[in-house]
Each structure stands twice: as structure tokens, then as C-alpha cells.
Amino acid sequence: MKIHNISEQNSILNTFISEIRDVDIQKDRMRFRRNIERIGEILGYELSKALSFGSSQIKTPLGSSSIDLIANDVVLCSILRAGIPLHNGLLNYFDSAENAFISAYRHHSENSDDFEIIVEYLACPDLKNKTLILADPMLATGQSMVTAFEALKPYGTPKEVHLVSAIGAQEGLEYVEKHFGKDVHLWIAAIDENLNEKGYIVPGLGDAGDLSFGEKLQH
Ligand code: URA
């Protein structure tokens, strides 16, 4: 797997990462969603440099201009619900992408921090020969990303696969790396060292779904 940690180089991306982490600023739900969206836009821009381009001729009012344009058929896939703002950010740039959605949640066995990922809903176009961009804002254990990818298999074999995350834990990256081939790219805004006993990234930012959309009842 080719890992692209975009914050290795200082840029405006650092501002957005700092704001989603900041315990005070992240309380502003609209700002949190928008910052995740902005991170999606930046990661989408970086990812676009690895796509295929074909030359195109554009007619202007004064003449003709040649330019290389993206030739890939992109499918954006996100995991509900935390993935929605990151998905929006990617979709802001990949205007004509097709879209896939998966609902997945952590199912805890009684009185235990252990969990399995349950997929309940999946809507996906044909993936054959497409460029699949699979987005998950928090790459914690990596299980959601791998479970989602496995669930997409009946929809066809993509030509290429890009994973996109805002924040990842080293452990999650290693898990994902074992499951995806060498040709798969991971575009990530920040990498943290640890996971706590509940599978949350430390220092991370907390629960991305709750911060975006409000707390949910556990059942
Ligand atoms: N999901 C989150 O929202 N946060 C984490 O730290 C891990 C998974």
C-alpha cells in the first residue's frame, strides 16, 4: 500500500486538522463538518495527481486551449454516518463521480470493549474497471475500511482503489496494509500513534459521527 501522509508537509491543511481536534472549536458542529469537508477537498486534490489524464481541446471565445483532463470513472464510497462530511468534500471536486454508501456500525458483545463491524445497508453502482475511492474519516482499527471493501466485492473489480481518511492510528494503518495490495493508495491527513481500549484514536478527536451529527443512543 502506498501511504500519502499529506501533513508531512506543512500547509493550510494543518489549520483544519487542528480545528477538528481542538476540544473547544470542535463543539461547533457546523465548523467541524465543514473542516472535515475541507480536508476531503484537499485529500481529493492530492489524490487527483495520481489519476490518469487524457488530452482535451477546449473551445474558448477567442480560440482553442489544450488541457489534460481526468480520464477515470470515479466511484466515491463512504461509510454512514460519520463519512458524510468527508464524502461531501470529495464530491465537491469529483463533480460527476458515482456514489456508493454503506451503513456499518460497531457491535459490542455484552460487557466488552471488543466489537465486530456489522454492515446493514449497501447501495453501490457497478465497480468494474472504475476508480474506487473508499473514504472513512477515522482509520482506527481499520476494520470498517476492510469490512466495507469486502462488502463491495460482489459489485465488480475496480481498476484502482484509493483509501481516504482524515486521521488514522498506526495500528489501523498496519491492519489495512495487510488486507490491501501494493497498488492501493492511502491518502491521509494525519497519523496518530495510539488506540485506546475502546478502539478510539489517541489523541485523535473523539467520535467523528457524534461531533458531526450529535450523540446517538446506544442500544
Ligand atoms: N471513530 C471515531 O469517530 N473516532 C475514533 O477515534 C475512532 C473511530
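Contact is taken here to mean heavy atoms within 4.5 Å. In this predicted model, asparagine 5 belongs to strand β1, which spans residues 2-5, and, once its neighbours within four places in sequence are set aside, asparagine 5 is in contact with Ile188, Ala189, Ala190 and Ile191. Asparagine 5 is classed as buried because its relative accessibility is 17%, and buried denotes a value under 20%.

The largest pocket of the model has a volume of about 1,200 Å³. Its lining comprises 37 residues, of which Tyr105, Arg106, Tyr200, Asp207 and Lys216 are the closest to the centre of the pocket. Several elements of secondary structure contribute at least two residues each to the lining of the largest pocket, namely the strands β4 (74-80), β5 (98-108), β6 (115-123) and β8 (138-139), together with the helices α4 (143-152) and α6 (208-213). The most is given by β5, which supplies five residues to this lining. When the lining of the largest pocket is divided by class, 16 residues are nonpolar, twelve are polar and nine are charged.

The second largest pocket has a volume of about 190 Å³. The residues that line the second largest pocket are Ile70, Asn72, Asp73 and Val74, along with Tyr93, Phe94, Asp95, Ser96, Ala97 and Glu98. By class, the lining of the second largest pocket consists of five nonpolar, two polar and three charged residues.

Conventions:
Residues are numbered from 1 along each chain as its sequence is written. This is a predicted model: local features need pLDDT of at least 70, side-chain atom pairs count only at pLDDT 80 or more; totals for chains, interfaces and linings use all residues. Side-chain values use heavy atoms; hydrogens and water are left out. On a 1 Å grid over the protein atoms alone, a cavity is a set of points where a 1.4 Å probe fits but cannot get out, and a pocket is an open set with protein on both sides within 12 Å along at least five of seven lines; lining residues have an atom within 4 Å of a point. Grid points are joined across faces, edges and corners, and a volume is the space filled by probe spheres set on the points. Helices (H or I, at least four residues) and strands (E, at least two) are DSSP runs, numbered from the N terminus. Ala, Val, Leu, Ile, Met, Phe, Trp, Tyr, Cys and Pro count as nonpolar, Asp, Glu, Lys and Arg as charged, and the others, Gly among them, as polar. Buried means under 20% relative accessible area, exposed over 50%, partly exposed in between (1.4 Å probe, protein chains only).
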